[in-house]
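The following exercises are to be worked from the sequence and the three-dimensional model. Each task is followed by its solution in steps.

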Amino acid sequence: MKLLVMVPPHRKAKAHHLEWIKAVSPEVEVVTARSEEEALLHAGEVEVIFGNPSQRVVQAAPRLRWIQTTSAGVEKVLFPEVVESEIILTNARGLFGIQIAEHVFAMLLALTREITKCLEAQREKRWLTRFDLEVFDLYEKRMGILGFGGIGQEVAKRAVGFGMSVLAVDLVPKEVPPYLTALWPPERLLDMLAQSDVVVSCIPYTPQTRGMMGAKEFAAMPSTAYFVNISRGGVVDEAALINALQRDQIAGACLDVFVEEPLPPTSPLWNMANVIVTPHMAGESPRLHDETVRFFCQNLEAFLAGKPLQNVVDKARGF
């Protein structure tokens, strides 16, 4: 069986990762590709792809049986050739939750504690007084989480640690953990927004969630509330968000994902004092790549043994 490892152009394939994969079974021939052109050279014989293949690669792979992505979001590989076929699609959900939750609070505290303003003053060697800063306490505030999957749950746990109460909205019914005040269906999104001091978007990007946070939703938020997006840029109507920020409908935003990435230099978001921009790196960690490969190896063992795989994606729903 031939297995293709898609290596992103900006990364190097680590020898020990390839050795881990090869060690799963001597029956597996492991090949790597750093580009679509290289992947196409192997596509005709490939049965498993580890990575995020292009549509051309999938079309050129008649023997393909399984794709394991390296991300939680799978919108970039939901081609008709995948959705309408027997190809199994699995993702890496559950591997990024802790890192992304930490990033949420890193951005949020930098903004609410005026750390960004202090850093600017530090570069200018200018001493600020407490009267120059308007801080916002998280303690006894309420967080609303849009999307209560693995990432949303990790964010919620940390919010409780800061003394916050937590509401959540999710696409599918779930058991309500004891640290959550309430879990509502999407029909109650406006209710959650109106009651939240901080709103965090953790929801998968699907046709159903495209533009889910728009003008009506931002208008429902208190003017003192903050918005955080670590899911996907397309979940937000970016023009509506910019308008809400410019009109002081909300207090600020912490953004790690955008409709267009890299974020264009012309975007007003770059120059807003009440916005933090990070380059889609909330899930980064020194241990992330090792953990992703270990997870793939566990799934590969199951695949070769004919056992159920972990993190199988509902291709119709998109998550």
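**Exercise 1.** Determine how many salt bridges cross the interface of domain 1 and domain 2.

*Solution.* Across this interface the rule finds one salt bridge, defined as a side-chain nitrogen of Lys or Arg within 4 Å of a carboxyl oxygen of Asp or Glu. The model is predicted: local features need pLDDT of at least 70, side-chain atom pairs count only at pLDDT 80 or more, and totals for chains, interfaces and linings use all residues. Residues are numbered from 1 along each chain as its sequence is written, and side-chain values use heavy atoms, with hydrogens and water left out. Arg 232 and Glu 75 form a salt bridge through their side chains, at 2.7 Å from N to O.

**Exercise 2.** Describe how the chain is divided into domains and what area is buried between them.

*Solution.* Step one: domain 1 comprises 2–94 + 286–305, and domain 2 comprises 96–277; these bounds come from an automatic or database domain assignment. Step two: eight residues from domain 1 and four residues from domain 2 make the contact (heavy atoms within 4.5 Å). Step three: about 620 Å² is buried between the two domains, 57% of it from carbon and sulfur atoms. Buried area is the accessible area (1.4 Å probe) that two parts lose on being put together, summed over both. Step four: on the domain 1 side, Glu 75, Gly 94 and Leu 288 lose the most area to domain 2, together 59% of what that side buries.

**Exercise 3.** Is Cys 297 buried or exposed?

*Solution.* Cys 297 counts as buried because its relative accessibility is 9%. Buried means under 20% relative accessible area, exposed over 50%, and partly exposed in between (1.4 Å probe, protein chains only). Cys 118, at 30%, counts as partly exposed.
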